[in-house]
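Here is a short report on one protein model. Please look over the sequence and the 3D view before reading on.

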Amino acid sequence: MAEKIARQENDFNNQQWLYEITPKRKLISFNFDEIWRYRDLLMLFVKRDIVTYYKQTVLGPLWFLIQPLLTSVIQFVIFNKIAQIESDGINYFLFALAGNTLWFYFSDCFKSTSDTFKTNQNIFGKVYFPRVIMPISITISNLLKFGIQFLFFICMMAYFIMQGKAVMPNWEIVFTPILLILMALISLGFGMIISSMTTKYRDLTFLIGFGVQLYMYLTPVVYPTSLVVKKLKPYGYENLVYLNPLTSIFEFFKYSYLGKGEFTTFGLVYSVVFSIVIFLLGLIVFNRTEKNFIDTV
C-alpha cells in the first residue's frame, strides 16, 4: 500500500502540466504563446471597449467625427486667424486635422492605458489572465476610432485636392502602419509606467489629463516643426525639437499625406529606438507591479 502511494505521488510530481501560473517571471516577459491562448478574451475586451464608448449616446460613433472636426475648426480660428501661425503653405484646417487624427489616437491610448490597474482592479483580483492583455486591447480598440477619423481626414484631403489646394500625397503613405505601431508602443510604454506608479501614488492620476494637454503643445500638432526650427536655429538649438519622439512621426505623416514636413533621418531613427526602449521599460515596470498591485491599489 505504501509503495502504491509513493508511486502515485511520484507520477503526480512528474506529470506535465498544460498551464503553469507562477509569480516568478523574467525581467522582460512577453509570453506570446500565453497571449495567443487568451486571444478570445483579448477580442472580448476589445469589443467591450468599443461598445461601451458610445453606448447610450444619441449620436453614437458620430462623436468620433465631431471631436476632430470641432477641434480643428477651433484651432483654425485661434492659431491661424488670431495668432497668425502659418502651416507651410497648406490649408490650416487640413493641417490641424492631420495632426489631430494622429494625436487623438496617441492620447486616447495613453490615458486609457495609464489607468489600467485602477480601472480593472476588480477583474484582476478575481481571476487570472495575462494582465498585459488589457493595455493591448486598448490600443487595438482605439484603432476603430482612428480608422473612422482617418477616413474623414482622407475625404477632406480629397476635397481640398479637387479644389486645387497645395496638397501632394506621396508614396511614403505606405509607412502609415509603422507610424501607428510606433505611437502604440510609446503610449503603451508611458501608460504602463504611469499605471504602475498610480497603484501607490494616486496624485499622478490628476496630472495625467493636464500632462497630456501640455505634451500636445510640445508636439507639432497645431504648428509646423519648421517654425520651431526657424526660431531655434539662430541659437544653435534647432535639433532639440527632435528629442520629442512624436515630432518625427507627426512630421513624416504630414509629409506623406500633405507633401510638407520637417523631419530628419536622425529624428526617425531616434523615434524608432525610443519607442522600443520605452515599451520594454514599461513592460518591465508593469510585470514587476502586477505581482502585488492588488495589495496597494
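In which loop does Gln84 lie? Gln84 sits in the loop between helix 4 and helix 5, the latter spanning residues 92-113. Keep in mind that this is a predicted model.

**Two residues in the loop**

Gln84 has a phi near 60°. That is a positive value in a residue other than glycine. Asp88 is also placed in the loop between helix 4 and helix 5. Its phi is near 55°, again positive in a residue that is not glycine.

How exposed is each one? Gln84 has 52% relative accessibility, and the cut-off for exposed is over 50%. Gln84 therefore counts as exposed. Asp88 has 24% relative accessibility, so it counts as partly exposed. That class covers the range between the buried limit, under 20%, and the exposed limit, over 50%.

| Residue | Phi | Relative accessibility | Class |
|---|---|---|---|
| Gln84 | near 60° | 52% | exposed |
| Asp88 | near 55° | 24% | partly exposed |

**Helix 4 against helix 8**

Helix 4 covers residues 63-82, and helix 8 covers residues 133-162. Two packed helices are described by the angle and the distance between their axes. How do the axes of helix 4 and helix 8 cross? They come within 9 Å and cross at roughly 55°. The two helices are therefore oblique to each other. The crossing of helix 4 past helix 8 is right-handed.

Which residues make this contact? Helix 4 brings Phe64, Leu65, Gln67, Pro68 and Leu69. Helix 8 brings Lys145, Ile148, Gln149 and Phe152. Sorted by class, the contact of helix 4 with helix 8 has 6 nonpolar, 2 polar and 1 charged residues.

**The chain as a whole**

What are the elements of the protein chain? There are 13 helices and 0 strands. Read from the N terminus, the order is α-α-α-α-α-α-α-α-α-α-α-α-α.

The protein chain has 297 residues, of which 43% count as buried.

How much of the contact set links residues 24 or more positions apart? Among contacts in the protein chain with a separation of 6 or more, such pairs account for 82%.

Note on methods
Residues numbered from 1 in each chain as written. Predicted model: local features only at pLDDT ≥ 70, side-chain atom pairs only at ≥ 80, totals over all residues. Heavy atoms only, no water. Axes fitted to C-alpha atoms, helices over the stretch in contact; angles between N-to-C directions. Helix = DSSP H or I, 4+ residues; strand = E, 2+ residues; numbered from the N terminus. Parallel < 35°, antiparallel > 145°, perpendicular 65-115°, else oblique. Left-handed = near helix turned anticlockwise from the far one by under 90°. Contact = heavy atoms within 4.5 Å. Nonpolar A, V, L, I, M, F, W, Y, C, P; charged D, E, K, R; others polar. Buried < 20%, exposed > 50% of the residue type's maximum accessible area, 1.4 Å probe, protein only.
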